[in-house]
Amino acid sequence: MQITAAESTDLFVGTEEAPRQVLRVTIVRDTTESTILTVTGEATGGAEIPAGAGEVVVEVGLDTDRAVDQPGLAGTDAAAGSAPENVGSASANAGPSEPAGSAPGTTAHPSRPRPTRRITITAGTASLDTTFTLEEPGYTMHLISHFHYDPVWWNTQAAYTSPWEWLSGDASTRPLWERNAFRLVDTHIDLALRDPDYRFVLAEIDYLKPYFDVHPERKEDLRRLLREGRVELMGGTYNEPSTNLTGAETTIRNIVYGIGYQRGILHGDPQTAWQLDVFGHDPQFPGYLADAGLTGSAWARGPFHQWGPIQKNFRDAKGDATVMQFPSEFEWISPSGLGVLTHYMPNHYSAGWWMDSSATLEEAEQAVFQLYRNLKPVAATKHILLPVGTDYTPPNKWVTAIHRSWAEKYVWPRFRCAIPRDFLDGVRSQIGRPAPQTRDMNPVYTGKDVSYIDTKQAQRAGEVAVTDAEKLATIASLHGLGRYPEAAIDKVWRQLAYGAHHDAITGSESDQVYIDLLAGWREAFDLASDVRDRALDALTGQIALDGESVVVANTLGFDRTGLVRVRTDKTIRGVRAVRDRGTLVFRAADVPALGWTTFSLVEGTAGGWSAAAGHTIGNAALTVTADPARGGALSSILAGGRELLQAGEVGNELRLYAEYPAHPDFGEGPWHLVPNGKVVSSAAGAGTVRKETSDLGERLISTGVVDGLAYEQTVTLWHGSDQLECSTRVLDYAGVDKLLRVKFPIDLPGALPISEVASAVVGRGYALPDVDVAEAPWTLDNPANTWFGLGSTARVALSDGTSRALGVAEVVVPDLASAPDARDLVVALARVGVTATTSSADWSRYGWLDVDSNLPDFRIVLGGPDTNELAREILGDTDPGEHPWVWVPAAKPLTEVWQPNADLRDARALPALIVLRDLPALVTDVADATITAPTLGANTEPLTDGTVALLTYGLPGFAVDPTGALHLSLMRSCTGWPSGVWIDPPRRTAPDGLSFQMQHWTHEFTYALVAGDGDWRASTLPSRGQEHSTPLLPRVLGAQPGTFPATHSFLRVEPQREVLLSALKPTGNPIAAGSGAGVDPARGVTVRLAESTGLGRTARLDGFALDSLQVADLLESPSGPAGSLDLAGSTVVTYVGTPVGAVAGGEVLGAVSEIVPAYSRYWLHNRGPAPIGYAPVTVTATPGILRTAGEPFEVEVVLASQVQDTAVEGLATLRVPEGWSVSPAQRVYRLPADGHTRFTATVTPGACPDGLYFVAAGIDGSEDVVTVAVGDLPGVLPTPIENLPEDWTAAQGTTSVTSRDTGLAVAALSTSLVVRPGGTGTLGVTLTNTTRDEIHGEVHLVSPWGTWELFPAVVSGFGVGPGETRVVEFAVSVPADFEPGHAWAMAKVLWFGRCQYAPTVKVEVVV
Amino acid sequence: MTEQVVVAAGPGAGPGTGAVLGYLDGRPIPRDRLDRRLDGLRRSSRAAALPVPESSEGRQLVRWVAQVILTEELCATLDAPAVDPGPLDPVAAVEYGSITAAAYEGSPAVRAAFAQVTGGVTVPEEEVRRYWEAWARPAPDRWRLRHRLDGGPWQPLGPVTLEELPRAVRAGVERGETRAGDPIGEHEWTVEEIIPGALPSFEDDAPAIRAALLAAARRRTFAHWLDRSRAERLTLVEGLEHPGDPRQPDNHHKH
């Protein structure tokens, strides 16, 4: 008998009360008889060595004294590495509720020594003296079954959502996609019904509503499983939105609609945002969650690169979660100070899925055990979450078997099927105060900020239109000028939420999905603009005017001055104006907050622009010079006599970066920026520069060609303005795998990058745009909302009279147990814009670009050398003196160490504020965004106290490099998959035959340069960002009587520009929760304000009388009297009140329905959310397609209601072809609240020729249609499904140039159209019905943002009889001032569950 | 995945282009079967939906088809008597995953193996009862009416519960009347039949439950058998690994 190995494990047998830790002993047997093995010494136990020959491993459970070995080192186990001997930490006092464990919530680093016991192992004649390492019992790993669902990505909404019988093996009307959401929901629910141990989660509204509309009976199964705690509705959001790319209100409504559906309609209890795949997060997001009453969040992308610290990202996988600086459970806190308990998935959201392919249960168990070992070192408590699922996955084969078999073997750790609530409750029970993290969870995927740039501009246009529409419709409604258009506004927000999905607005989608999404953004914009215009017309129609006038309306909460463009041939009395291509342009001064002012129109012609000599323009604030020899870029920007550009450099320079088609190391497509290091600059060649002057200002127009890209850049200085207005037009472009940026190299030493994200302003790190990603993969481009720049959001004022900017902090506590003590400090820092990672001196440092998705620029070390080992290391022998905190400059300036593949972990790589005592005083000192400190050394990076920023419109991608250059990403042509993928044949492309992702059409990008003294607050940049994105709205009106004065403000938020008006709307969102109650601003109004200085302000609402003003949560439920409106720094606060003196009356100020009948299975039309009104009552008929030789057949109809507060009664009708009969032909129904009914109709075809016919089941406003094939119809009916791989084959889309017969032939009237400014034209599609029955549906004309004005109406209904051909036309109308260029349009035809896409039409506007 | 990867490239050829598409119990399976199958696909109506052969995705398709063929070969060694258990329902196909589903749909030998391997699978009767007790629901009373609206043609209505009838009709039915008016229109009806509700009956419900549980258990047994057999008996070659194997170079995580 030989004992060849003895290995401590962290497995326990025995009972919870008396767990015995397992020692694994390897023995080479010298007898085939069973033998006894004993362990004696400081730990004791015994086991039977089984009979047999050769080597065997025996597990022995050992009893031992688990008393405290190392007082002071509390802590849950902190295991690491693969060697079991290295696993574990001290055991501590056993609490009564915790099995022999220590006070959890504090984690010691794995390198700390663990207690050991001396033991002797005896087996037969063999014996071994060794040590046994004590481990912590009590761990539970929660196996969370889930499937991640993207409603859009490479595949279409229809294919991802539901199966349909019109499936064709050749994908000619629908792709084959088995793992759609309906089938996945079925597989998960079915398993839960069969197996009482199975637990799982459901999440997104984009599949929940369709599924329960079609399968309303399943609500009962769902609710039963909810009650039993076996399913959890995750999210509390509409979907998984990319909130760092949208405005704050879009995010807030995403939460409103998610909670509304999950709680109000499905009766779930969503508590935890489930944002698995989101590519970085808006820093305010956790605050919004908390304000909406959610208590947690869980997600897999944020602090570390794409797949997290364990998996491969670039080159070799780290395989070690402890590169994280903090535990996987923490409090994620927003700059508002609100936060939620958050779980970050260190091994990605698919971690536990892959054991599905294990050949045996034992192998699957070992895979799960290894995952436990991987995750445990960073678990904050003894509760660990293992996500078991990945994209579109059915239940895992082994998960419930492991749940059962593991429990039979071991008492600890437990592996059990669970829902996230079980896990989070467990964490909460063990953690008093989680580690506070305000860290920016960005940038993660840099390509998302610029791919499909036109969709980001479209999103911005929609957001601005709908917030304007809400405000104006609320005001109009309160004045009796119309009823509030709740249904239209509801649809707009849902479209914006849908488009904000992390595979939509991020530009990650295939070409066909892009076309579908564009139609949604256009719909959102049109519906919102319609409401805005109706409301504004109603309001301005009541202004008393004594002559023809221009009323200029301002929808923002502060008074403003700005440029207005009016299409009139007259001019303004007493105001300087200019005529530009037939449009009157003037500067409207002092337009009151949420109100208007009026200008008199008079006969006369304003002057135009005149050519002038020279290349320099100027106004009182700025003087700007362009250099034709350098592509027309700006060679000088003087602000108050100070040159803003670095010496020898040019500004507004276009730079075209060559990119790889996909990342050279880790593949993948449009969500990565993949530059290869080669850049071509517009300044490298000559351009032309024209100077023009007018009464209103001066401008320079530069044109040129860079690397084949033809551009025209206009920079304008308006008299009276202190902004440099810039427009860059990409006239023509044929490049592929190119990224276009514009660059302003700014001379502002010591300033750091800053940006607005949603409703917060935060410091951001430098970016590294000029790299080859094969060598340096992380460029650190970041997203911004309406502006970014160079300056400081906070600073430290040093004893030597200099300052140093503070951007992003690492706050280092002595050990993780003391992390909660840093909460007040990190919140104070975040409020003023300094995000922070709270780490500990004995754990990993923040600052290694190889793992971190962003980097810090300074450290705050809590505790002096006596308590904090990092303070000791930084200070060395230096005496810190008597001040409570001291500043220790870094060894080198930041710009020298912040280089590609930066590693800033060294103690002296960054400056540090060492806090020796009196932390509360520091917290107080931070509140004014300036820390005062003595410095122990020279400050080599003194701050220049100024700010230079770029205001942008729908251009989120930015980079500020370490030289201080501002780079704004304009556009990109990325060939990486799924660019160019088209699903439903025939494949469509842009007019040049390439992918739409190439963006090969004319683009215009607008931005403005702002420079000022002091920080961003001094320049009130958030308000300027709002101005830049929100145009003043002019109305030309004749003389009219009225009650409103010519200059008027309805609501002014004071202090102006420091507290911003985010939303003004009627209180409540009843449609969201399935209520038919309706909204009425007269009953209540919601006002949402955003504190925009970070310093805290007391707000005042002027001009708007509200009774009983109350503070409310984000869902607009009041929580108490508002009192004085004290807003802490960076908070977003919702108030509700009752308007005084409201008057009712008028028509609804917006659309109340779409084209009727609406097709009830709207998702099959790839058109985003449900029709206007959110389809509260639905009808669906099955099967979707059937064949008959003429014999009768049955159709099953289900009517479902999501209305929660009333029953719905009505009449369902069945329409059959002429000469056919159906019984019943109509059916009266009553659907109780939340109810449904189902019935069968028998259809008897009459004598008729072979062909396709349609049977429609309809209720008020909507219908579903069954396709009936009479006879054998080869070529028309779907071909049999052949099994083919799903992902990698289907995801390539189709290359077919033809489509198979669907029954409707679609052709374009022409594939090109040339029009002149001021001209008109027509686009059209020809629809030929080859069936035997009538077809009706809709045609949507899709075109990119920037061309929408050309096509005033883009939705048209059609009906076409059997054998008939119809033409559906769309008017084209080119405004006289429309800039020449080219783009495209495409008609999408939606009918009876099919989508067909007409050939792309090239549209050119030529002078 | 757990397949062992060995190098078996032919002379002068790249990975996955050798003469062998894989080994079953050490026996080489000739590559030409794979080529023929691929050729068929490339000629089929789905050709337009296939990836370009030289691309990474094209290589993944080859890997996928190789796994389907190996699955078929593996099952064929059972020499099971031909039995057709019927087509796969879509939910079952989702559970199996595309390789097994394709092999099952396309190969009688795989279906025969399914029948043989899972022929002895049973479901404990207590499982059937547990399921029934958890999910059985009583059937409510239901009415069958003849109904017409505004004097139109008579229509069958039902069986429905009274809850599903417009309130005016329900009230009339309960009062024994035959006409009522409401905003929908003028209703007329006659009650044809009242179908009494019933408590759930285990005897009535059990056969369907038993069948559903048995089908699920058989699927799981077959999937486990296939996984184990593949691991024990198949040897994959470089270039024809499982497409989902994260170690092979064309397996790029897409998100």
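## Ground rules

Since the model is predicted, local features need pLDDT of at least 70 and side-chain atom pairs count only at pLDDT 80 or more, while totals for chains, interfaces and linings use all residues. Residues are numbered from 1 along each chain as its sequence is written, chains are lettered from A and ligands numbered from 1 in the order in which they are written, and side-chain values use heavy atoms, with hydrogens and water left out.

## A four-stranded sheet

Let's start in chain A, where an open sheet of 4 strands runs in the order 63-65-69-67 with antiparallel pairing. Strands here are DSSP runs of E with at least two residues, helices are runs of H or I with at least four, and both are numbered from the N terminus. Two strands pair if DSSP finds at least two bridges between them. Strand 63 (1177–1182) and strand 67 (1221–1223) of chain A sit at the edges with a single partner strand each, so one side of each has no neighbour in the sheet. On average, neighbouring strands of this sheet are turned by 25° against each other, direction ignored; the axes are lines fitted to C-alpha atoms (for helices, over the stretch in contact), with angles from 0 to 180 degrees between N-to-C directions.

Strand 65 (residues 1193–1201) and strand 69 (residues 1236–1244) of chain A pair in the antiparallel sense over 8 bridges. Across from A:Val1195 you'll find A:Ala1241, in strand 69 of chain A.

## Salt bridges

A salt bridge here means a side-chain nitrogen of Lys or Arg within 4 Å of a carboxyl oxygen of Asp or Glu. By that rule there are 111 salt bridges over all chains. One of them joins A:Asp195 and A:Arg404, at 3.0 Å from N to O. These two come from distant parts of the chain, 209 residues apart: A:Asp195 is in the loop between helix 2 (181–194) and strand 9 (200–202) of chain A, and A:Arg404 is in helix 8 (residues 399–409) of chain A. For accessibility, buried means under 20% relative accessible area, exposed over 50%, and partly exposed in between (1.4 Å probe, protein chains only). A:Asp195 is buried at 9%, whereas A:Arg404 is partly exposed at 35%.

Another salt bridge links A:Arg581 and A:Glu1379, with the closest N and O atoms 3.5 Å apart. A:Arg581 is partly exposed at 39%, and A:Glu1379 is partly exposed at 27%. Over in chain B, B:Arg210 and B:Glu125 form a salt bridge whose closest N and O atoms are 2.5 Å apart. B:Arg210 belongs to helix 8 (residues 202–233) and B:Glu125 to helix 6 (residues 125–135) of chain B, so the pair ties together parts 85 residues apart in sequence.

## Cysteines and one alanine

With a disulfide taken as a pair of cysteine sulfur atoms within 2.5 Å, the count over all chains is 0. As for individual cysteines, A:Cys974 is buried at 1% relative accessibility, while A:Cys1248 is partly exposed at 25%.

Last up is A:Ala927, in the loop between helix 16 (919–926) and strand 47 (930–933) of chain A. This alanine is partly exposed, at 42% relative accessibility. Leaving aside residues up to four places away in sequence, A:Ala927 touches A:Val832 and A:Leu1095, where contact means heavy atoms within 4.5 Å.
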